[in-house]
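Here is a set of questions and answers on one structure. Look at the fold first, then read on.

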Amino acid sequence: MSKLKTYSTLINQEAKRLGFDSCGIAKAEFLEEEASNLELWLKKGYQGKMSYMENYFDKRLDPRLLVDGAKSVISLSYNYFPEDTQSKDSYKISKYAYGEDYHHVIKSKLKELTFFIQENIGQVNGRAFVDSAPVLERAWAQKSGLGWIGKHSLLLKKNRGSFFFLAELILDLELEYDNPFVTDHCGSCTKCIDACPTDAILPNNTVNGSKCISYFTIELKEELPTSVKGKFEDWMFGCDICQDVCPWNRFATPHSEEKFNPHPDLLSMTKKDWDEITDDVFKQVFKKSAVKRTKLSGLKRNITFLQT
Ligand code: B12
Ligand code: SF4
Ligand code: SF4
């Protein structure tokens, strides 16, 4: 086995040991094909008020501008599909936000993986990313062979569906690279496009972020526009509709990350409980959760919008 292949195999094995369900590696280079798509996406205003998407345009397209001398992008996925879901008579929270904030849970795993590389392969310079950085994570995951980008624009895997997070290590270490995932297994299916209540899913595997329920309920800090009133189908934090209807998610299996388990009260809370939620209950149920991002005031804004 070549030295580079041995390194890649070691990293892959350690990633699996840490709980990532897949790991793929791509050469760090300029994302040429994605550049015009991203430019168009921004020009059309699909970022809405997420102005952070307009920042670091060049860095977003070239990992070598994020890490000096970057040679490899290691893409990883981490399952969050829950065993149990909320009670039927409840406003809904995206499954990804049931437990502890994934940014923290996954960041510490990425640190461990970096430490492993330093110990077993050699001194490397690199950075770890999960979600909140100028990295086109789905494009890298596809290039690293993890899966294909579905019509709902999320990364899909045949044996697992799409209920997983993506994360990356960008390193100045040369490794053996995986082949990109080239097949598209959406075929003629349009279930996600048909089910999206706000028509946010456009042709060409693109989502108009400014029309997505996830954007309205989490990202938008101001009053919710009346144009989307009555369209949220009881989603009060994020939205899973396009994933719930996707046939590939029949293959999703429950995660085994204890930190992603919800507070016991979260699954049994009814609409009435949410209507009456106090600051204490909010702090208890969402102690370490990503839901804290909207604060209680944001959650209450969303609940009121669903009620009236
Ligand atoms: C901004 C953002 C959002 C925005 C905008 C969504 C969007 N689709 O861009 C909002 C708030 C709406 C959102 C919602 C959600 N998000 Co989000 N989000 C992001 C974030 C931070 C950036 C995404 C981005 O760069 N968008 C910009 C556009 C331009 O990127 P793009 O869609 O990849 O663009 C490509 C297509 O437009 C395509 N394209 C354009 N034209 C054409 C033409 C052709 C012919 C082709 C083939 C392609 C093509 O090329 C572009 C460049 O690659 C990423 C994390 C990250 N750093 O990557 C998470 C991320 C994508 N989100 C994630 C999740 C989980 C969600 C939600 C499911 C959360 C929820 N339950 O509420 C929803 C799903 C909504 C959906 N269907 O997309 C996960 C997805 C995991 C996965 N399996 O893929 C990510 C990767 C976070 C993570 N680290 O896990 N999100
Ligand atoms: S998350 Fe909901 S609103 Fe956003 S694209 Fe998917 S179905 Fe549409
Ligand atoms: S619902 Fe159908 S079109 Fe949409 S991502 Fe899943 S397989 Fe693809």
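Contact means heavy atoms within 4.5 Å. This is a predicted model: local features need pLDDT of at least 70, side-chain atom pairs count only at pLDDT 80 or more, and totals for chains, interfaces and linings use all residues. Residues are numbered from 1 along each chain as its sequence is written, chains are lettered from A and ligands numbered from 1 in the order in which they are written, and side-chain values use heavy atoms, with hydrogens and water left out.

Q: Which residues is Ile93 in contact with, leaving aside neighbours within four places in sequence?
A: Start with the core. A nonpolar core is a set of buried Ala, Val, Leu, Ile, Met, Phe, Trp, Tyr and Cys residues joined through side-chain atoms within 4.5 Å. Ile93 is among the residues that touch the most other members of the largest one, which has 85 residues. Its contacts are Gln86, Tyr98, Trp235, Met236, Phe237, Leu266, Trp274, Phe286 and Val291.

Q: Which element gives the most to the largest nonpolar core?
A: Helices (H or I, at least four residues) and strands (E, at least two) are DSSP runs, numbered from the N terminus. Ile74, Ile106 and Ile117 are among the core residues that touch the most other members. With seven residues, the top contributor is α4.

Q: What is the strand order in the open sheet of four strands?
A: Two strands pair if DSSP finds at least two bridges between them. Six bridges join β1 to β2, and eight join β2 to β7. Pairing in the sheet is antiparallel, and the order is β1-β2-β7-β4.

Q: Why is one side of β1 and of β4 left without a neighbour in the sheet?
A: β1 covers residues 22-27 and β4 covers 126-129.

Q: At what angle does helix α4 run to β7?
A: Axes are lines fitted to C-alpha atoms, for helices over the stretch in contact, and angles run from 0 to 180 degrees between N-to-C directions. Helix α4 (residues 102-120) lies across β2, β4 and β7. Its angle to β7 is about 35 degrees.

Q: Is Ala167 buried or exposed?
A: Buried means under 20% relative accessible area, exposed over 50%, partly exposed in between (1.4 Å probe, protein chains only). Ala167 is found in strand β7. Residues it touches include Ile74, Leu76, Ile106 and Phe129. Its relative accessibility is 1%, so Ala167 is buried.

Q: Which class does Lys271 fall in by relative accessibility?
A: Lys271 belongs to helix α10 (residues 271-275). Residues it touches include Asp89 and Asp234. Its relative accessibility is 25%, so Lys271 counts as partly exposed.

Q: How many charged residues does the shell around ligand 3 have?
A: A residue is near a molecule if one of its heavy atoms lies within 4 Å of it. Ala, Val, Leu, Ile, Met, Phe, Trp, Tyr, Cys and Pro count as nonpolar, Asp, Glu, Lys and Arg as charged, and the others, Gly among them, as polar. The surrounding residues include Lys151, His152, Lys191 and Trp248. Seven are nonpolar and one is polar; the charged ones number two.
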